[in-house]
Amino acid sequence: QVQLVESGGGLVQAGKSLRLSCAASGSFSSINAMGWYRQTPGKLQRELVAVITSGGSTNYADSVKGRFTISRENAKNTVYLQMNSLKPEDTAVYYCKTMATIRGYEYQYWGQGTQVTVSS
């Protein structure tokens with residue numbers, strides 16, 4: 001089992017920055033890809049914001065390229081999302097997701113979500 005604990009959400013003005021953190025703990029062989037997704041009211045699906053592999057390769061949604069940076073500390077099993085130049089349309093619940101290997105099988109886990117609200 002893997003537990004994900006997120007932190008760093010809040011209310012900020014447009015143009016400001018926030019940093020989200022997500023720490024994985026539990027019993028697993030390895031933490032593989034880690035990523036951030038977001039969901040807004042009225043939308044059924046969570047959209048990918050950014051993902052980072054265990055080797056450090058990254059991928060971003062077009063809407064956040066150049067403004068958001070994903071990083072990780074493998075020794076701490078922690079992933080970060082630095083969000084700069086925030087816009088009101090970035091308002092959403094942000095969820096951390098990780099892929100973990102347990103006894104030879106890969107499983108996905110989600111965090112509880114953290115609210116990010118950007119005021120204009």
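The following dialogue explains the terms applied to a predicted model.

Student: Why is Ala 23 called partly exposed?

Tutor: Buried means under 20% relative accessible area, exposed means over 50%, and partly exposed lies in between (1.4 Å probe, protein chains only). Ala 23 has a relative accessible area of 30%, so Ala 23 is partly exposed.

Student: Where is Ala 23 found, and what is Ala 23 in contact with?

Tutor: Ala 23 is found in strand E3, residues 18-26. Strands (E, at least two residues) and helices (H or I, at least four) are DSSP runs, numbered from the N terminus. Contact means heavy atoms within 4.5 Å. With neighbours within four places in sequence left aside, Ala 23 is in contact with Gln 3, Leu 4, Val 5, Asn 77 and Thr 78.

Student: What makes Cys 22 and Cys 96 a disulfide?

Tutor: A disulfide is a pair of cysteine sulfur atoms within 2.5 Å. The sulfur atoms of Cys 22 and Cys 96 are 2.2 Å apart, so the pair meets the definition. The pair links distant parts of the chain, with Cys 22 in strand E3 and Cys 96 in strand E9, 74 residues apart. The structure holds 1 disulfide. The link of Cys 22 and Cys 96 is left-handed, with -80 degrees about the S-S bond, and both cysteines are buried.

Student: Why is the pair of Asp 90 and Arg 38 called a salt bridge?

Tutor: Side chains of opposite charge can pair when their charged atoms come close. A salt bridge is a side-chain nitrogen of Lys or Arg within 4 Å of a carboxyl oxygen of Asp or Glu. The closest N and O atoms of Asp 90 and Arg 38 are 3.0 Å apart, so the pair is a salt bridge. Asp 90 lies in the loop between strand E8 (78-83) and strand E9 (92-102), and Arg 38 lies in strand E4 (residues 30-39), so the pair ties together parts that are 52 residues apart in sequence.

Student: How do you know whether Asp 90 and Arg 38 are buried or exposed?

Tutor: The relative accessible area of Asp 90 is 1%, so Asp 90 is buried. Arg 38, at 7%, also counts as buried.

Student: Which salt bridge does Arg 67 form?

Tutor: Arg 67 forms a salt bridge with Asp 90, the closest N and O atoms being 2.7 Å apart. Arg 67 lies in the loop between strand E6 (58-60) and strand E7 (68-73) and Asp 90 in the loop between E8 and E9, so this pair ties together parts that are 23 residues apart in sequence. Both residues are buried. Arg 38, Glu 47, Arg 67 and Asp 90 are linked in a network of salt bridges.

Student: Why is the pair of Tyr 37 and Trp 110 called edge-to-face?

Tutor: Rings of Phe, Tyr and Trp (its six-membered ring) pair if their centres lie within 6.5 Å; planes under 30 degrees apart count as stacked, over 60 as edge-to-face and the rest as tilted. A search of the whole structure finds 2 aromatic pairs. The rings of Tyr 37 and Trp 110 have their centres 5.1 Å apart and their planes at 65 degrees, so the pair is edge-to-face. Tyr 37 lies in strand E4 and Trp 110 in strand E10 (residues 105-110), so the pair ties together parts that are 73 residues apart in sequence. Tyr 37 is buried at 16%, while Trp 110 is partly exposed at 32%.

Student: What angle is there between the planes of Tyr 95 and Trp 110?

Tutor: The planes of Tyr 95 and Trp 110 are at 85 degrees, with 6.5 Å centre to centre, and the pair is edge-to-face. Tyr 37, Tyr 95 and Trp 110 form one aromatic cluster.

Definitions and conventions:
Residues numbered from 1 in each chain as written. Predicted model: local features only at pLDDT ≥ 70, side-chain atom pairs only at ≥ 80, totals over all residues. Heavy atoms only, no water.
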